[in-house]
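Here is a short note for a colleague who has not seen this structure before. Please read it with the model open.

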Amino acid sequence: MHPETSVIRSGRSDQPDSLAPVLFPSTNYVTDSLEQTQTKACDLTEQRFYSRHSNPTVGAFEEAVAELEGAEAARAFSSGMGAISSVVLALCGSGDHVVVQQQLYGTTLLFFQWAKAQFKLELTLVDGTQPGAFAEAVQPGKTKLVFAETPSNPLVGLTDLSELGAIAGPVVVVDSTAAPPIIQRPLDWGADLSLHSATKSIAGHNDAMLGVVSGSKELLDWIRSYSVMLGANASAFDAMNGLRGLRTLAVRLARQSETAWFLARHLEQHPAIARVWFPWLESHPGHSLANQQMKLPGGILAFELKAPSLSPDLAQGQNGVPAKFMQNLKLAQLATSMGGPETLITHPFTTTHAGLLPEELEAMGIGENIFRVSVGLEHPGDLLADFNQALKLMQT
Ligand SMILES: Cc1ncc(COP(=O)(O)O)c(C=O)c1O
């Protein structure tokens with residue numbers, strides 16, 4: 001089946017006659033005998049025992065994502081960070097070496113830095129956009145985990161999935177949040193685990209905190225056992241919204257990709273904009289890689305304002321260029337997160353990456369006049385008009 005059909009048909013084996021996802025809010029289930037209790041207690045994939053282990057609604061969501069990813073198994077988590085922290089804590093121990101991409105969602109980088117301080121993880125940061133960087137940093141026999149994020153948040157930088165998939169030895173994890181399985185499937189390229197903050201496009205309506213990881217049953221059983229102890233399981237309610245969102249993933253991504261491509265082309269020509277990052281633009285450093293590994297560009301783009309020509313007042317805070325530009329926008333709303341129906345604009349410098357040191361921000365290329373846009377489902381013409389009027393106000 002094509003993925004457009006899989007999103008509609010998958011995750012229904014437990015409740016085949018219900019068209020809508022079925023919510024099982026129960027935290028625990030009655031068993032017939034001590035023998036049955038023991039069997040269920042020891043099988044962490046049992047969906048009718050205790051919902052920190054597994055749950056029928058969560059199981060349906062996991063089944064659907066596994067099918068879409070072409071994976072043997074999937075595990076849903078309470079958030080993308082719940083997924084990331086569970087994977088790292090399950091697979092790495094004190095003193096292990098991990099190779100991690102420099103261009104990461106801010107809290108993911110903070111998590112790795114915390115793990116370095118707390119568990120003496122040996123951390124090598126690499127520029128994921130540089131060919132061969134990951135493979136060169138791997139220390140055979142010592143590196144336990146390779147962690148990449150492609151496209152990266154917020155500058156949609158691309159890492160070569162075929163290079164990642166060719167790395168033998170460590171477990172290779174790809175955070176593919178900005179490119180759900182309709183766009184790319186890291187496991188097809190040889191990665192061991194594909195990870196998503198399903199809070200974003202997969203659930204897609206800004207109403208569910210969810211993470212999900214797909215891969216081999218063996219790896220997923222191991223990770224599940226840790227996440228059961230950590231309590232990082234997804235709630236049934238969020239999984240229900242995740243599954244409901246998944247049904248429209250293909251049409252939402254097609255529409256968001258088209259609108260984002262339209263906006264990226266126009267914004268790139270705008271005199272007040274210094275630079276636009278979007279995988280389909282020829283000016284994007286990962287443009288040919290995008291053609292190789294992505295079926296659609298996705299709905300995320302970033303741009304940099306030509307600040308000095310826009311305003312002589314470069315003071316920060318409410319008088320700063322970023323704040324003024326945000327205030328001028330009427331349709332695109334100032335909010336974190338991405339992948340929902342509403343177009344959202346974020347200022348990574350003060351939000352998603354605010355916890356990082358100036359030198360880390362510089363290494364990631366995140367300047368004060370850079371904005372990330374999560375393109376929604378509004379009419380493309382209305383969105384362009386909104387950006388144009390906001391940019392015009394900045395020039396007067
Ligand atoms: C690429 C990426 N990975 C992980 C996360 C964390 O996901 P969550 O907010 O669901 O914990 C985010 C959140 O923005 C993200 O953008």
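1. Basis. This is a predicted model, in which local features need pLDDT of at least 70 and side-chain atom pairs count only at pLDDT 80 or more, while totals for chains, interfaces and linings use all residues. Residues are numbered from 1 along each chain as its sequence is written.

2. Domains. The chain is assigned domain 1 (3–246) and domain 2 (250–395); such bounds come from an automatic or database domain assignment. Taken over C-alpha atoms, the centres of the two domains are 27 Å apart. Domain 1 gives 32 residues to the contact and domain 2 gives 34 residues, where contact means C-beta atoms, placed from the backbone, within 7 Å. On the side of domain 1 that touches domain 2, helix 1 (3–9) and helix 5 are the elements that give two or more residues. Helices (H or I, at least four residues) and strands (E, at least two) are DSSP runs, numbered from the N terminus. That side of domain 1 has 17 nonpolar, 12 polar and three charged residues. Here Ala, Val, Leu, Ile, Met, Phe, Trp, Tyr, Cys and Pro count as nonpolar, Asp, Glu, Lys and Arg as charged, and the others, Gly among them, as polar.

3. Strand 2. Four of the five residues of strand 2 (residues 97–101) are buried, that is, with 20 or more other C-beta atoms within 10 Å of their own, C-beta atoms being placed from the backbone. Strand 2 pairs in the parallel sense with strand 3 (residues 122–126) over five bridges; pairing requires at least two DSSP bridges. Val98 has Leu123 of strand 3 as its bridge partner.

4. Ligand. Among the 13 residues around the ligand, Ser79, Gly80, Met81, Ser197 and Thr199 come nearest. A residue is near a molecule if its C-beta atom, placed from the backbone, lies within 6 Å of it. The shell has three nonpolar, eight polar and two charged residues.

5. Lys295. Lys295 lies in the loop between helix 11 (287–293) and strand 9 (300–305). Is Lys295 buried or partly exposed? Lys295 is partly exposed because 17 other C-beta atoms lie within 10 Å, between the limits of 20 or more for buried and 12 or fewer for exposed. Beyond its neighbours within four places in sequence, Lys295 is in contact with Ile182, Ile183 and Gln184. Gln184 is 111 residues from Lys295 in sequence, but 6.6 Å away in space, C-alpha to C-alpha.

Notes
Two residues are in contact if their C-beta atoms, placed from the backbone, lie within 7 Å.
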